[in-house]
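Morning. I will take one structure today and keep to a few points. Please look at the screen.

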Amino acid sequence: MNRSEILTKIDNPKELEKLYQDNKTAFKTEFNLLYPELTDNKLADYWNERLNYESSEISWGSKNELIFVIIASLLAGVIAKLPELLNINSESFYQRNIGFIIFPILTTYFIWRNSLSPKKIVFAGVAFLIALIFINLLPADNKSDTLILSCIHLPLFLWAVLGFSYVGDNIRSYHKRLDFLRYNGDLVIMTTLILIAGGILTAITIGLFELIGFKIEKFYTDYIVVFGLAALPIVATYITQTNPQLVNRVSPVIAKIFSPLVLITLVVYLVAILFSGKDPYKDRDFLMVFNFLLIGVMAIILFSVAETFKKNENRTGSFILFALSIVTVIVNGIALSAILFRISEWGITPNRLAVLGGNILMLTNLLIVTFKLFKNVSKKADISEVENSISMFLPIYILWTIIVTFIFPLIFHFK
């Protein structure tokens, strides 16, 4: 389904309804992109209200959905408690399997919600099974760089499988991929809010029981806190999907606030580096922090682009993001040159190669996004070009994640 199909049938209620029933998600996505062009069209106005109506009341979804969330939350808690239940090494278990506590369950949720075909269900199941077997068969060696890299990148691979279930039948749709990024931003916000509320409740509960002489800290931590933390992303996902109006107003505000703040912080930080005496070319720990900073800022840019352009926001946000992307390109350039310097001086290691590949991908993506943002602020490009420049790069990141997770241990002989 594309916008031209909707446009040709915009004056035919019956045909529009048929298009909608064939693929509701794709219809909504394409119609929302087309709607700004459909001025003075009563039928288009009706469809816009029908597709984008947001109730002010809290929705708890269907009974089956609520039951699913409860069961899934309990299952996540049980998986988190497996080291204790099976008497196995907890450090090794969580290092290798922490992603399996949440991602398969969230994937199942979207498979069920999107009614995916058996073929896609099998694909997702096989991907999880291969990942589970592979990561747990890697030799136990705490000094193995490839083991650590696989454990770090595996959750990103599982996140990609989750994205596959989220986009459903629209895997090639850039707009649906961007929706997945928005979902992740909304999920972080909702999870944080619930976590804060849960922390307050925990403190009150433990304090109240302590007043009457009961020490419940260990029991509460071992069971209530563990099950609660495991259930957090599941409950937060359920809330964001059944009540999008709760976060649709919050996410853009956060994006608007943090984008300029991050820009100012990053500029001041770069200036401060000049007087700090720190050298990313020779100080390994500082380079690691530098790269984590880069990843964080890159994530903020991607989330901010998704939220700023969700409803064709004003151009101020575009200018701020353009400036932020330029500064981030400078940061990425410094990090990349430092990695290349270390490789030329001390040779290739799994860590250096992984960081080098990640930096090259991020720099390439950033340059494309920066160029599209420049065209946007110059009024030479549509908003969708900026969005597409982000969405089209997701499969490339996923491919690199697969290489680092599954191929690096074999190439470097598990060292």
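How much space lies in the largest cavity? About 30 Å³. This is a predicted model, where local features need pLDDT of at least 70 and side-chain atom pairs pLDDT 80 or more, while totals for chains, interfaces and linings use all residues. Residues are numbered from 1 along each chain as its sequence is written, and side-chain values use heavy atoms, leaving out hydrogens and water.

A cavity here is a set of points, on a 1 Å grid over the protein atoms alone, where a 1.4 Å probe fits but cannot get out; lining residues have an atom within 4 Å of a point. Volume is the space filled by probe spheres set on the points, which are joined across faces, edges and corners. The search of the whole structure finds one cavity of 30 Å³ or more. Its lining is Leu 138, Pro 139, Asp 141, Ser 144, Thr 146, Leu 147 and Phe 414. By class, that is four nonpolar, two polar and one charged. Nonpolar covers Ala, Val, Leu, Ile, Met, Phe, Trp, Tyr, Cys and Pro; charged covers Asp, Glu, Lys and Arg; the others, Gly among them, are polar.

Now the fold. The chain has 19 helices and zero strands, taken as DSSP runs numbered from the N terminus (helices H or I, at least four residues; strands E, at least two).

Last, the box: the C-alpha atoms fill roughly 65 × 55 × 50 Å along the principal axes.

Definitions and conventions
On a 1 Å grid over the protein atoms alone, a cavity is a set of points where a 1.4 Å probe fits but cannot get out, and a pocket is an open set with protein on both sides within 12 Å along at least five of seven lines; lining residues have an atom within 4 Å of a point.
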